[in-house]
Each structure stands twice: as C-alpha cells, then as structure tokens.
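Open the model in your viewer and keep the selection panel handy. We'll go stop by stop, picking something to select and saying what is there.

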Amino acid sequence: MTLTKKDLEQYQKNMQISIPDNLVNKLLEQYGQPVTDDAGHVFEYAEQDIHEQLRKDIQNYLEGGL
C-alpha cells in the first residue's frame, strides 16, 4: 500500500486532528511511493505499517518534534 492524500485526509478525519500542509507533504513523500531496499528490491508498506508510522510521526509532531 502507498499512502494517498485521500487516505491521509480520511485518517485526519477519523482521528479528529488537523496537521499542517508541510507535514502532510512530508508524510506523502515518505509513505506515498514504493520503497527500494539496498538490493534494489521494490516493496510497499503494509496498511498497518503506514498507520503505525503515521501515528508515531503525528504524535511526535504534536509533542514538538519534527
């Protein structure tokens, strides 16, 4: 799975939060495209992995990080 802007908007709606555009862009850049490992193999994040990373990144932002 790759993260889309629509997915991220739905996540914000479900979690009842609002995040700034610069963080939205960073998250889309990081999780919105397939990932290539050191050996050149392409894989996508699982939906659960994306949601967990979003939770961590957004919580970090809200606590003053990022």
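This is a predicted model: local features need pLDDT of at least 70, side-chain atom pairs count only at pLDDT 80 or more; totals for chains, interfaces and linings use all residues.

Residues are numbered from 1 along each chain as its sequence is written, and side-chain values use heavy atoms, with hydrogens and water left out.

**Stop 1: α1 against α2**

Axes are lines fitted to C-alpha atoms, for helices over the stretch in contact, and angles run from 0 to 180 degrees between N-to-C directions. The α1 and α2 crossing is right-handed, meaning that the near helix is turned clockwise from the far one by less than a right angle.

Now show side chains. Lys-5, Leu-8 and Gln-12 of α1 make the contact with Val-24, Leu-27 and Leu-28 of α2 (contact means heavy atoms within 4.5 Å). Sort those residues by type and you get four nonpolar, one polar and one charged. For that sorting, Ala, Val, Leu, Ile, Met, Phe, Trp, Tyr, Cys and Pro count as nonpolar, Asp, Glu, Lys and Arg as charged, and the others, Gly among them, as polar.

Click on Gln-12, in helix α1. Gln-12 is buried, at 12% relative accessible area (buried is under 20%, exposed over 50%, partly exposed in between, with a 1.4 Å probe and protein chains only). Leaving out residues up to four places away in sequence, Gln-12 touches Ile-17, Ser-18, Ile-19 and Val-24.

**Stop 2: the loop**

Move to Gln-16, in the loop between α1 and α2. Gln-16 counts as exposed, with 73% relative accessibility. Check its backbone too: phi is positive, about 55°, although Gln-16 is not a glycine. Most residues other than glycine have a negative phi.

**Stop 3: α2 against α3**

Next, select α2 and α3. Their axes come within 12 Å and cross at roughly 150°, which makes α2 roughly antiparallel to α3. Here α2 contributes Leu-23, Leu-27, Gln-30 and Tyr-31, while α3 contributes Ile-50, Gln-53, Leu-54, Asp-57, Ile-58 and Tyr-61.

Zoom in on Tyr-31, which lies in α2 and is buried at 2% relative accessible area. Its contacts, not counting residues up to four places away in sequence, are Thr-2, Leu-3, Tyr-45, Ile-50, Gln-53 and Asp-57.

**Stop 4: the core**

Finally, select Leu-3, Leu-8, Tyr-11, Ile-19, Leu-23, Val-24, Leu-27, Tyr-31, Ile-50, Leu-54 and Ile-58, the 11 residues of the largest nonpolar core. Such a core is a set of buried Ala, Val, Leu, Ile, Met, Phe, Trp, Tyr and Cys residues joined through side-chain atoms within 4.5 Å. Two or more of its residues come from each of α1 (5–15), α2 (21–31) and α3 (47–62), and α2 gives the most, with four. End on Leu-8: beyond its neighbours within four places in sequence, Leu-8 is in contact with Leu-3, Val-24, Leu-27, Leu-28 and Leu-54.

Key: Angles under 35 degrees count as roughly parallel, over 145 as roughly antiparallel, 65 to 115 as roughly perpendicular and the rest as oblique.
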